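These are my notebook entries on one structure. I set down what I looked up, topic by topic.

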Amino acid sequence: MKILLLGRNGQVGKSIYHKKKRGQEIRTVGRETLPFDDGYLLLKNFQLVLMEFKPDVVVNAIAYTNVDQAEEEKDLAFKINGFSLEIIASVIRKFNKNFKPVTLIHFSTDYVFDGSGTKPWVPSDIPKPLNTYGHSKLYGEQVIISADIPFIILRISWIYSIYSKNFLLSIFKRIKDGGTLRVVSDQIGTPTSATFVSEFCHHLFKNFNYLEKTGVYHLSPKGVASWFDFANYILLTLKKGSTLIQQRSSEIRPILSKDYSTMAKRPKNSRLDSTLLVNSFDFEISSWKTLAEREIKKLI
Ligand SMILES: NC(=O)c1ccc[n+]([C@@H]2O[C@H](COP(=O)([O-])OP(=O)(O)OC[C@H]3O[C@@H](n4cnc5c(N)ncnc54)[C@H](OP(=O)(O)O)[C@@H]3O)[C@@H](O)[C@H]2O)c1
């Protein structure tokens, strides 16, 4: 299978690329070739890349992901997470008509929901974003759904990795520094490693039939946690594996969202129900703790 991966430097893009299998043809393109904030260049270069490489699948790991900053950069967030996808989808549509079918795999988010209740969200639940980032991602979904191309939208949440900026790395750093950490305990979800997301993508790449299963799916490990639970699990696992961390006097205390002010409002319930995905793609899902332990061990 020929895979064109848009965005090779982000957490998910990098993980997909690093899991590359022998015999697989993956071409990656980044911001310099496909600037999602420059419609003219994006259109021109995406047409060229598609014509030259002729992939079976395009994976879009590019997004505007700064949730708080999006409140101040609404236009840019919508440009990258929404309007650019109009260009990507229209080029793919034209290519599909003239050459061969290409499926677009795209990532969306739990932030399309308002976080009410405690039950995991299913793909058919009605989205109702609380913040600009969520609105821009929902708009992106709608662009793809109405584009008349084969697509798989994977809603994911609470992504961490050993790359770039994320919750795992910031807690790790603060634990190493020692002292007391205050972490929100009234937002629930499922910590999801970028490695897990990339494993699912590679599962899709193994089977051409999967690419025909157009739809919106939720991809999440098993289990539920608050950010406070996740931070405690990180501390516990680090302590088990590192004498250096055992010597640190780090302590984690719970706080409520209302006492931790952020520019963007966050959903209280970010749980995603993966049943549709598991049944459609015959994919086995591990618990978030098993997956987190694997990544934390890489840090140790
Ligand atoms: N992180 C999470 O917790 C989370 C949760 C739910 C859903 N998601 C979704 O999962 C997907 C992947 O997220 P991630 O955590 O891997 O994101 P990330 O680490 O922030 O990476 C974003 C990628 O987008 C690229 N990018 C940003 N602006 C660009 C532009 N103007 N032109 C071209 N490329 C640009 C970045 O390139 P540079 O490296 O060059 O800046 C980077 O490769 C996104 O669709 C995101 O919405 C993420």
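This is a predicted model: local features need pLDDT of at least 70, side-chain atom pairs count only at pLDDT 80 or more; totals for chains, interfaces and linings use all residues.

**Entry 1**

I located Lys54 in the loop between α2 and β3. I then looked up its backbone angle: phi of Lys54 is near 50 degrees, a positive value in a residue other than glycine.

Next I asked how far apart Lys100 and Lys54 are in sequence and in space. They are separated by 46 residues in sequence, and their C-alpha atoms are 8.3 Å apart. I found Lys100 in the loop between α3 (74-98) and β4. Is Lys100 buried or exposed? I counted it as exposed, because it has 9 C-beta neighbours inside 10 Å and the cut-off for exposed is 12 or fewer.

**Entry 2. Ser164**

I looked up Ser164 for its phi angle, which is near 55 degrees and again a positive value in a residue other than glycine. Ser164 sits in the loop between β6 and α5. With 14 other C-beta atoms within 10 Å, Ser164 is partly exposed.

**Entry 3. Two glycines, Gly30 and Gly39**

I placed Gly30 in the loop that runs between β2 (25-29) and α2 (39-53). Gly30 has 15 C-beta neighbours inside 10 Å and so counts as partly exposed. Leaving aside residues up to four places away in sequence, I noted that Gly30 touches Gly7, Arg8 and Asn9. I also looked up Gly30 and Ile62: they are 32 residues apart in sequence, with 8.3 Å between their C-alpha atoms.

Gly39 belongs to helix α2. I recorded Gly39 as partly exposed, because 14 other C-beta atoms lie within 10 Å. The C-alpha atoms of Gly39 and Glu72 are separated by 21 Å, and these residues are 33 residues apart along the chain.

**Entry 4. The surroundings of the ligand**

Which residues come nearest to the ligand? Of the 26 residues around the ligand, I listed Asn9, Gly10, Val12, Ala63 and Ile159 as the nearest. The elements that give two or more residues to this shell are α1 (11-18) and β4 (103-109). The greatest contribution is from α1, with three residues. By class, I recorded 13 nonpolar, 10 polar and three charged residues in the shell around the ligand.

**Entry 5. Helix α1**

I found α1 mostly covered, with six of its eight residues buried. The buried residues in α1 are Gln11, Val12, Gly13, Lys14, Ser15 and Ile16. What covers them includes strands β1 (2-6), β3 (57-60), β4 and β6 (159-160), together with α6 (194-205).

**Entry 6. Two helix pairs**

I noted first that two packed helices are described by the angle between their axes and the distance between the axes.

For α3 and helix α4 (residues 132-145), I recorded an angle of about 10 degrees, with the axes 9 Å apart. This makes α3 roughly parallel to α4, because angles under 35 degrees count as roughly parallel. On the α3 side, the contact involves Lys74, Ala77, Phe78, Asn81, Gly82, Leu85, Glu86 and Ala89. On the α4 side, they meet Thr132, Tyr133, Ser136, Lys137, Tyr139, Gly140, Val143 and Ile144. I divided the residues of this contact into eight nonpolar, five polar and three charged.

For helix α5 (residues 167-177) and helix α7 (residues 227-241), I found that the axes come within 10 Å and cross at roughly 55 degrees. That makes α5 oblique to α7. The crossing of α5 and α7 is right-handed. From α5, I listed Phe167, Leu168, Ile171, Phe172 and Ile175. Their partners in α7 are Trp227, Phe230, Ala231, Ile234, Leu235 and Leu238. How do the residues of the contact of α5 with α7 divide by class, and how many are nonpolar? I counted 11 nonpolar, no polar and no charged residues there.

Technical notes
Residues are numbered from 1 along each chain as its sequence is written. Axes are lines fitted to C-alpha atoms, for helices over the stretch in contact, and angles run from 0 to 180 degrees between N-to-C directions. Helices (H or I, at least four residues) and strands (E, at least two) are DSSP runs, numbered from the N terminus. Angles under 35 degrees count as roughly parallel, over 145 as roughly antiparallel, 65 to 115 as roughly perpendicular and the rest as oblique. A crossing is left-handed if the near helix is turned anticlockwise from the far one by less than a right angle, and right-handed if clockwise. Two residues are in contact if their C-beta atoms, placed from the backbone, lie within 7 Å. Ala, Val, Leu, Ile, Met, Phe, Trp, Tyr, Cys and Pro count as nonpolar, Asp, Glu, Lys and Arg as charged, and the others, Gly among them, as polar. A residue is near a molecule or strand if its C-beta atom, placed from the backbone, lies within 6 Å of it. A residue is buried if 20 or more other C-beta atoms lie within 10 Å of its own, exposed if 12 or fewer, and partly exposed in between; C-beta atoms are placed from the backbone.
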